[in-house]
Amino acid sequence: MFNLERYERIIVIFLISSLLLGLAVIAYQRSRPLIDVKIGHFTPDKASQDKDDPSPQQTTPLVNINTATAEDLMGLKGIGKTLSRRIVDYRSQNGPFRSSSEIKNVKGVGEALFNKIKDRIEAE
Amino acid sequence: MTSPLLPLAVSFCLGIAFSRFVKIPIYYPFIASIISILLSSFYIKKRLISHISLYVSIFFLGYVYCQASGILPRDHISRFVSERGPPLARLAEGGETIFVRGTIKDDPVISRMFYGGDKMSFVLDVDAFKQNGAWRKAGGQVKTDIYFFKNKTTLNFGDEVILEGLIAKPIGLKNPGLFDYAKYLESQNIYSCLKVKDKFFVKKVGTGESGYIKRIAYKVRHAIGGLIDDYFLASSPDDGFLKAILIGDRSNLKKKLNDDFIKTGTVHILSVSGTHVGLIACVFMFLFASIGMPKKTNIIITSVLLVFYSFVTGLNPPIVRATMMFAIFAIGYLINRESDLLNSLSAAALLILLWNPKALFDPGFQMSFASIASIIVLTPGIDRAFRLDAAGKYSILSKARFYILKSVSVSLAAWAGVAPIVSFYFNITSPIAVLANLIVIPLVFLAMVASLLFLLASMIFGPCAAYLASLIHMIDHLLFFLNRAFSAAPFAYFRTPSPPAIFWALYYASLSLFILPRTVYLKAVKIHKRHLSIAVLLFLNIFVWSHCVAAKRDALEATFLDVGQGDSIVVKFPKEGALLIDGGSGGDEERFDMARAVVAPYLWNNGITKLDAVIATHFHEDHLGGLIYILDNFNTGCVIDNGANVSSSNRIYKRYRRLIKDKGISHLTVREGDVIESFPETKIFILNPPKGGGIPDSNENSVVLKFTYKKHSILLSADINKAAIERMNAYGEFLKSDVLKVPHHGGHLGDEITAKIFFNNVSPRISIISVAENNRFGMPSEENIKFITSLNSRTYMTKDSGAIDIILTSSGIRKNGH
């Protein structure tokens, strides 16, 4: 379909093969293996070396009052079936809590109860 | 010339495109346009000069036309909107609200929000507004969102309402080369957004009289949607799929399904577009022909029905485009002009662009026109290569061969025409599309015919409809299954970076070589196709080899992506290697996902298809969420986190762990005192969480990383707060870094003195805050910013600057501007 002359054919063949070679090189460059990540240690040069906690206590994570279900909330001390439902209702009516202290706006959660649970909750 | 409109349309398009990239005072192009049109009429006898100056004139006309469409009238509502509105959170406390009266211009879309409650969105045609006590007339359109928490009010097309809310310029995410919400709205001539909270701020004052046909069409639309809901579960993929392909309602379309169709290059069938109009026109014309209707009447009735159908589908741009094209082809046929297809196509393009010149920047517009143009232009050539001629249509076997090859030829032509555009917008190229479309389109056709029968049956006889519904269900699932199988085939699709301008030029040059005759005459000069081919090949070689020998990166590059409220940081190491720290919010397949919208496209755009490591600093949704999509779609070497205990209510964390296990990715945990030296020329020190202790607060437990490269360093302090900052301060001098990612999105850090000591210790030259405009936490805190600035540090925030690119080289640090 092209009617090439002899020297033109040579040029075309050369160009095509160099193109393919170039593509192969790119493919090779792209196919590097993933880096094997190893974790080493360094000694932090700290002003005050804090001692390693001798007995790492297993702590329970905080309850996120914006994503927790009613059952999750019932895990908190002082919050039962009714209160947990009210908290979830409050959330679906007013949108997410902006801070953990906003939970006091829920009917039935007073200052005393808040002080009891405030170290166990977060609002993210 | 057989298609006189083609060069006109092309030069008009080029003019519009030019106006987006080059801004000059509008009267220069206006004068240029007039001069060239005068030149054209003066030299009317000299063909070449006259033609060229005519096209130049049209080019400048396109420029002027597009620029002028962006000039807002004096009473346009957006003229009264300040650059940045007050946060929505203040709405409840009675912020500076505005009253707007207007008419609802489209079918309101309702979607569920992450924390519960519904959001209703529509375009409002503004009539008047009240700002400080007095009403004044205004015009223009406003994108409106109403957030319903307690009770819902139903609003429909054509309703006149008074809304009280906050108005602002659209705020979108700003990441280089990615989707820009403000630009997207601008292309629909919308320049501001109104946010309304709750029904107490909504008052319906009338139902309007205009738009009678539209109202009926929307009634039909809702009726069809309701029927689909009656017979299919809202949670099933069928429901969303049928609504998408029948009435153009994509709100319930499963995002995962959409992704699968993107992979096989068949996603166009999920929006009611050219393919649909073709299929529906086929159904109608076949039906009418079978009852013996004459051809011309048939075409007219089909066109009218198509126009009504485009109303039913909510008048989305793709269907309007396709209907218009059909109408123009039909008119061409009716007035008995053996119409030239390219000419009709150009006429359609010109009409659409005269209506709204910014439609040119709509990816859908580009893809529909590119695919149809390349089908028209390329198929004859491909047919010849397949040795297709009507002569072979005798036996059944040769007939079948003819139709199959013809379909392949059309599919191939369409794919070749849009491949670079798809790769530009979706970062993907799918060779499988040529095959997949051959199977998918007939199946969609079948599903549509079955649905049509189903809709008819459900109005007449229930049990029959139920039977048809299960038939549709079967067809759908066969379709989904085959589509999945196609996407899983070897070499089905490749993720690609956005092609550079040079590539576009070379690609389309090669394509046009294919259709060029053997020799071209330009006046007296004879040009051989073989010479052109050699030239194109030569340029292709230069393009490819310049990529091969390109110098390797000699710098450490960290990009802080704009993921709204959240964190996501991409680190590219010198020579090779890439790492992702956090993925923004997300993690739920069917909700908005930052990784799907921003992080993954950014990585693909930059040629990163594998990540050597992914680090989750802690397990909050605005950091971990997006990583789910990343782990699912990228080849990942290892995942690194703090190994903390996680509350059972954290569903995203469960998915994250399951994904790591299912994919067999190696899972490492780090704590204070660990260092990673596996990456070229870079050390990564881990400063938090502390050894041994379990800390209940996720933020205080987050992984703090210090990167050092040559003499420079970056400190990424995740979301740490008072307690962890106090521990950090023990490091003293070691904290000193050139670049600091400010802890916890710049929010309050508990104790001011500890925070100040921390900032003093780090004394960064550049500080970065990853935070969203108008976030509900009121971040960042003013004091933090004031103090950091007093340390002689430049502060950049993702909400203002968009993605922030920091480059560390042996000679210094710099911030890349976009």
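The following questions and answers cover sheets, the chain interface and local backbone features of a predicted model.

Local features need pLDDT of at least 70, side-chain atom pairs count only at pLDDT 80 or more, and totals for chains, interfaces and linings use all residues. Residues are numbered from 1 along each chain as its sequence is written, chains are lettered from A and ligands numbered from 1 in the order in which they are written, and side-chain values use heavy atoms, with hydrogens and water left out.

User: Which residue stands opposite B:Lys683 in strand 21 of chain B?
Analyst: Strand 20 (residues 682–688) and strand 21 (residues 704–709) of chain B run antiparallel and are joined by 6 bridges. The residue opposite B:Lys683 is B:Thr708.

User: What is the omega of the peptide bond from B:Asn688 to B:Pro689?
Analyst: B:Pro689 lies in the loop between strand 20 and strand 21 of chain B. Most peptide bonds are trans. The bond from B:Asn688 to B:Pro689 is cis, with omega near -5°.

User: What area is buried between chain A and chain B?
Analyst: In contact terms (heavy atoms within 4.5 Å), 60 residues of chain A meet 71 residues of chain B. Buried area is the accessible area (1.4 Å probe) that two parts lose on being put together, summed over both. Carbon and sulfur atoms give 58% of the total, which is about 5,600 Å².

User: Which element of chain A gives the most residues to the side that touches chain B?
Analyst: The elements that give two or more residues to that side are helix 1 (6–30), strand 1 and helix 3 (81–94) of chain A. The one that gives the most, with 14 residues, is helix 1.

User: How far apart are the closest N and O atoms of B:Arg530 and A:Glu8?
Analyst: A salt bridge is a side-chain nitrogen of Lys or Arg within 4 Å of a carboxyl oxygen of Asp or Glu. By this rule 2 salt bridges cross the interface of chain A and chain B. In the one between B:Arg530 and A:Glu8, the closest N and O atoms are separated by 3.3 Å.

User: Where in helix 13 of chain B is the kink?
Analyst: The bend at a residue is the angle between axes fitted to the seven residues ending there and the seven starting there. In helix 13 (residues 396–426) of chain B a kink of about 50° comes shortly before the proline B:Pro420. The kink lies at B:Val418.

User: What angle does helix 19 of chain B make with strand 16?
Analyst: Strand 16 (residues 610–615) pairs with strand 15 of chain B in the parallel sense over 3 bridges. Helix 19 (residues 621–633) packs on the sheet, touching strand 15, strand 16 and strand 17 (635–641) of chain B. Axes are lines fitted to C-alpha atoms, for helices over the stretch in contact, and angles run from 0 to 180 degrees between N-to-C directions. The angle between helix 19 and strand 16 of chain B is about 150°.

Terms used. Two strands pair if DSSP finds at least two bridges between them. Helices (H or I, at least four residues) and strands (E, at least two) are DSSP runs, numbered from the N terminus.
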